[in-house]
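Please look at the sequence and the structure shown below, and then read the report that follows.

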Amino acid sequence: MSSFVGIRPLIRLILRRDRFLLPILTVLPAVMVGATAAAFADLYPTDQAREQFATLMAINPGITAFLGPLHGTSIGALTFWRTVIVAVMLAALPGVFLVIRHTRAEEQAGRRELIGSTVVGRHAPLAAALLVTTAWSILMGAGVAAGFLATGQPGAGSLATGVAWAGLGLVGVGIGALTAQLFENPRTARGLAGGILALAYVLRMVGDVAGGALGGLSWLSPIGWMHEMRPFAGDRWLVAGLFIGFAAVTTAAAAALSTRRDLDAGVWATRPGPATARRGLSSPNGLARRLHRGAFVGWTVGIAAYGVIVGGLGPSMASVLEDNPQLMEIFDRIGGEGVFIDIFLSAGLGFIGLIGAAYAVQAALRLRGEELAGHAETVLSTPVDRMRFAGSHALMASIGPALAILAGGLAAGIAYGVVTDDLAAQAPRLLVASAAYVPAALVMGALTVALFGLLPRASSWAWALLITFLLLGQLGPILGLGQTVMNLSPFTHTPAVPGAPLRVAPLVGLTVAAGGLFAAGLHGFRRRDAAIG
Amino acid sequence: MSNAIEVSGLHKSYGSTVALDGLDLDVRTGEVHGFLGPNGSGKTTTIRILLGLIRADGGRAVLLGGDPWNDAAELHRRLAYVPGDVSLWPSLSGGEVIDLLGRLRGGLDQKRRADLIDRFDLDPTKKGRTYSKGNRQKVALIAALSSDVELLILDEPTAGLDPLMEATFRELIVHERTSGRTVLLASHILAEVEALADRVSIIREGRTVESGTLTELRHLTRTTVDVVVTSATSLDGMPGVHDLVIDGNRARFEVDGKALGAVMSHLAGLGIESLISQPPTLEELFMRHYGASPVTQDA
């Protein structure tokens, strides 16, 4: 067991570093599900009201596509179903980030080398990170179960929900542990892990909407497994084995990889680069273009692929409408099945906008990364002033997400146009519609730049703000939060085109706000000390 | 303009930590100026203020006749900087970084670039993340030395270099001086500063404690004398003589720079059989200011 020597102090180190973060991440999900359950009990107090709601949800494949299938009509079942997407944000993503933070990020910072030179076994650092994150997953799941119990839900269902949340947390941990072994750069590892979670979401979406032979796709997705646990609607305990199996396989693979590679190295060797720089690499903008290139390609390809799926699924919405004369009648009155499909497409574009916003935050945070790594010092000691340096990254954090969102809209339009044989009209229509989702993403990038300039140490709080806005969008209406609170989120102001009428004023407002925030951030950076690397 | 850098009474605090406490520094145009001080004494903070990366809380700093904070980008056309801990972009090759920095500074001399890569024995195709500390330092040095600038600001530039490369570095700095460039060389490698610097400033806890040419500084401190004479007893009590140890007709003592002449004339009258005199090394000068040497205890 000598390879695990020193694990105790390492565990204490992780607990010390995350002494605020871990308790928050443990308690927050419980609070969220508890509040949602209480809100559902208020909104739909009777069995009849809930059954009506469930029927309405079940016949709307748009809802099924984005939130997953609803099983059961109890308050517990409704709450569980509505918060699966929240579990992706509050269980899976934190699992990924925590484990990468304590493995690859430590290694890249050179601290793992320092630790490794002391009396610490080969497996101890990875094992310590896995133990802490696994314990977090279980505690967080227990908290979720307690949150359901506290609102008076049945014990078995509450426990099954807790298991599902803990399971998704473990899946995040497993994915993070694995991708952390593959790449030298923690950013790349986080990117791939995020991509895998996005794939899981898309697989479930396609499986649940397309059904038939493709229905099996949901079973390939850990997010699909959550729904298949069916808490409060049969409690299928065996599904828990899938989470455990997935976590076991991925962590075992991570451990195996970690013994086969060198410290600081990824699985793939670094290839040599050119001996001289290309002509383009001669200005701050040229450098920023180069540094943001990889992320731009990754996010754009991912968003475009998602757009293809959304567009491709569009027509299947129509078939559902045809199967349901009642719904058909409603939509006939407000404009026919085209409107119905457009509502679905709007939800898809809205999601593309959210991913674009996450990309904007990540790209804008590059500024802080460059500063802390000491690269800003190098650039700023040349005849490059603060504005040109910060502006070059702010530009990339604007153009990149904007292009990625437009690519998603175009991809959705092409897919939808090909399937409906109406390419010439649909491709430009959805491309233009997707432009409406750009300003909110710009605001998130600008907000990050503002934090960087004015409150540099709080830069990464941009992620917390993004998650808050996303939760607001998901749960705000259910929790009955007032319009004033909802208005805090930039995403509230985006008109859901093409399903809803286009309103230009809020888009202008968002763009102006983004401009103001960018200006405030750049101005703040011009006046403050650059951090010591 | 005779001074490339003029700093007086510079103050900088981080919360309750005082980094600079009235620091003075004058670097004359065309000289190699050694900037000496132990870790944490404020060398890097001073340089960062001179580069406009951070703002001084008080005092005056003039760089190449301009204001380091307000005219930063304009002044940076005329200087090149090598940080103490060079951090390269992990995905860029060394050659790309050299070209990028050179172009940002307004172009670089291709012939000199090739020559320097050769002399430093650097592989420019390796990616930033795969370089060792010394190689990262070489990348920054090559970029700085192949730019056409008036002033080089080097913060412990040889910290990661092997002795062979250190020698190459010294040759290059000597060459830079002959071609008229000004060099601010922050270091705690005293032999390097002793070999290269025209003048030095020694700082301690954010304040300048000594500044001048090495000769001037030596004059301020003591020379060690080891002498064999017919009778040494009369040395006892002589002004300027310290730590006298008499062992038969052999005497060892230290003598103040100012009293050196008088003591030597006195010794001549005592019939010198042998004499060894050692001027203070820079190390002794340096140590004198940090309480590590017994000399200061009774001074």
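Which residue is the bridge partner of His11(B) in E2(B)? The partner is Asp21(B).

This is a predicted model, in which local features need pLDDT of at least 70 and side-chain atom pairs count only at pLDDT 80 or more, while totals for chains, interfaces and linings use all residues. Residues are numbered from 1 along each chain as its sequence is written, and chains are lettered from A and ligands numbered from 1 in the order in which they are written.

**The sheet of chain B**

Helices (H or I, at least four residues) and strands (E, at least two) are DSSP runs, numbered from the N terminus. Strands of a sheet pair through backbone hydrogen bonds, either parallel or antiparallel, and two strands are taken to pair here if DSSP finds at least two bridges between them. The table gives two pairings of E1(B), which covers residues 3–14.

| Strand paired with E1(B) | Sense | Number of bridges |
|---|---|---|
| E2(B), residues 17–28 | antiparallel | 9 bridges |
| E4(B), residues 58–63 | antiparallel | 5 bridges |

Val7(B) stands opposite Leu25(B) in E2(B), and in E4(B) the bridge partner of Val7(B) is Ala61(B). E1(B) and E2(B) form a hairpin with 2 residues between them, and Gly15(B), in the turn, has a positive phi of about 60°. The 3 strands make an open sheet in the order E2-E1-E4 of chain B, with antiparallel pairing. E2 and E4 of chain B stand at the edges with a single partner strand each, so one side of each is left without a neighbour in the sheet. On average, neighbouring strands of this sheet are turned by 15° against each other, direction ignored.

Helix H1(B), residues 43–50, lies across E1, E2 and E4 of chain B and runs at about 115° to E1(B); axes are lines fitted to C-alpha atoms, for helices over the stretch in contact, and angles run from 0 to 180 degrees between N-to-C directions.

**Two helices of chain A**

Two packed helices are described by the angle between their axes and the distance between the axes. In chain A, the axes of H1(A), residues 7–17, and H9(A), residues 124–150, come within 9 Å and cross at roughly 50°. That angle makes H1(A) oblique to H9(A), where angles under 35 degrees count as roughly parallel, over 145 as roughly antiparallel, 65 to 115 as roughly perpendicular and the rest as oblique. Residues that make the contact include Ile7(A) and Leu10(A) of H1(A), and Ala124(A) and Pro125(A) of H9(A), two residues being in contact if their C-beta atoms, placed from the backbone, lie within 7 Å. The residues of this contact divide into 12 nonpolar, no polar and no charged; Ala, Val, Leu, Ile, Met, Phe, Trp, Tyr, Cys and Pro count as nonpolar, Asp, Glu, Lys and Arg as charged, and the others, Gly among them, as polar.

**Where the chains meet**

Between the chains, 28 residues of chain A are in contact with 31 residues of chain B. On the side of chain A that touches chain B, the largest share, 5 residues, comes from H17(A), and the residues of that side divide into 13 nonpolar, 11 polar and 4 charged.
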